[in-house]
Amino acid sequence: MLIPRPRPPRLIRPVREPATVPPALTGAWAPTDRRLDHVDLLPLPEGAVGPEDVVVDDAGRVISGDEEGRLWWWPVDAPAGTRPRLLAETGGRPLGIEVDSSGAALVVCDAYRGVLRVTPDGAVHELTGTAPPVHLANNATVARDGTIYFTDSSDRFPVSHWKRDLLEHRPNGRVLAHHPDSGRTEVVADGLYFPNGIALTPDESAVMLVETSTHRLLRVELGGDVRVLADLPAYPDNLAAVGDGTYWIALPSPRVPIAERLLPHPRLRQLAALLPDAVQPQPRRYGLVALVDGDGTVLRTLHGPNGHYRMITGVRQHGDHLWLGSLTGPGVARVPLR
């Protein structure tokens, strides 16, 4: 049963920002490796869409969600075309999915219910709820002691109206830490521009973080300092640690020139937010993920210029394969790395 969806504010409150010029995809970002146009698709059940994130658990199950609040799983070695089995129903909108520190359960960021714990039998337990301080739980990373660091992307707009937050372009988001033993949730960093993907560094002294609306890769020290590592040529979404100090970033779209040119014009952005979605600035039909190190240096990029699997919002390495999720796609995708 779906829980009620919150109503967004009708008007955005944009401020004047400098225009940016989207950089070309050249150098380390050049589309020389185009394997994302040739992925294995593992579809959701007919009519289901939106496997926003993807994770592989300790039992060898590939797990993702859909727009209707359901969690599904496939065997990690399933051939292309395999339909999934139902794991659980949250009634909300599952976004980021992680394995908890015990390896026995999942931590799910639900856009309408907050941070959830899902046990192997499919039982769903709320850890934070959607009352303050959590508004739009988006992506998480779990420390060895069980602490859950997660992004609360916007205190103004629900996930169904994420474009309005990007058009408003205000620092409406933050990073929170939830301590399961005490049930306490605290602010780690705030004043962030749609913070999205998050992953702990190997020594757990900091988190790597991306902001979608400012297309930035950040390092946030758990003591509070925030450092900009890179200005990305695309809008980033979820982020996943490989385990060796490198991180995969899902990039749903290269930067959109018209959206960047609108930044100095608050009134035009306010009007654009009132238009039907189909005539607002749109993400490009382009598949893109990038591997970076702890300093933000780009080590590898994979492209899908034809957009055969597009709006890539989730990425996870498992062995010699990369698993992909999509905010709007009909299933998860798998691509070999070699």
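Analyst: Happy to! Let's begin with R255: a polar atom of its side chain lies 2.7 Å from the backbone oxygen of L232. Before going further, please note that this is a predicted model, in which local features need pLDDT of at least 70 and side-chain atom pairs count only at pLDDT 80 or more, while totals for chains, interfaces and linings use all residues. Residues are numbered from 1 along each chain as its sequence is written, and side-chain values use heavy atoms, with hydrogens and water left out.

The side chain of R255 also makes a polar contact of 3.5 Å with that of D231 (a pair of N or O atoms within 3.5 Å; within protein, one must be able to donate a hydrogen and the other to accept it, and residues adjacent in sequence count only if both atoms are side-chain atoms). R255 sits in the loop between strand β21 (253-254) and helix α2 (257-261) (DSSP runs numbered from the N terminus: helices are H or I of at least four residues, strands E of at least two). With a relative accessible area of 3%, R255 is buried (under 20%; exposed is over 50% and partly exposed in between, with a 1.4 Å probe and protein chains only). Leaving out residues up to four places away in sequence, the residues that R255 touches include T20, V21, P22, P23, H215, Y235 and E260 (contact: heavy atoms within 4.5 Å).

Now for the salt bridges. Side chains of opposite charge can pair when their charged atoms come close. The rule used here asks for a side-chain nitrogen of Lys or Arg within 4 Å of a carboxyl oxygen of Asp or Glu, and it gives 18 salt bridges. One of them joins R300 to D33, with the closest N and O atoms 3.7 Å apart. R300 belongs to strand β23 (298-304) and D33 to the segment before β1 (40-43), so this pair ties together parts 267 residues apart in sequence. D33 is buried at 17% relative accessible area, whereas R300 is partly exposed at 26%. R35 joins D33 and R300 in a network of salt bridges.

Another salt bridge brings the side chains of R117 and D100 together at 3.3 Å, N to O. That pair links distant parts of the chain, 17 residues apart: R117 is in strand β8 (114-118), and D100 is in the loop between β6 (94-99) and β7 (106-110). The arginine, R117, is partly exposed at 30% relative accessibility, while D100 is buried at 11%.

A further salt bridge, 2.9 Å from N to O, pairs the side chains of K163 and D277. Here, too, distant parts are linked, 114 residues apart: K163 is in helix α1, and D277 is in the loop between α3 and β22 (287-293). K163 is buried at 13%, and D277 is partly exposed at 45%.
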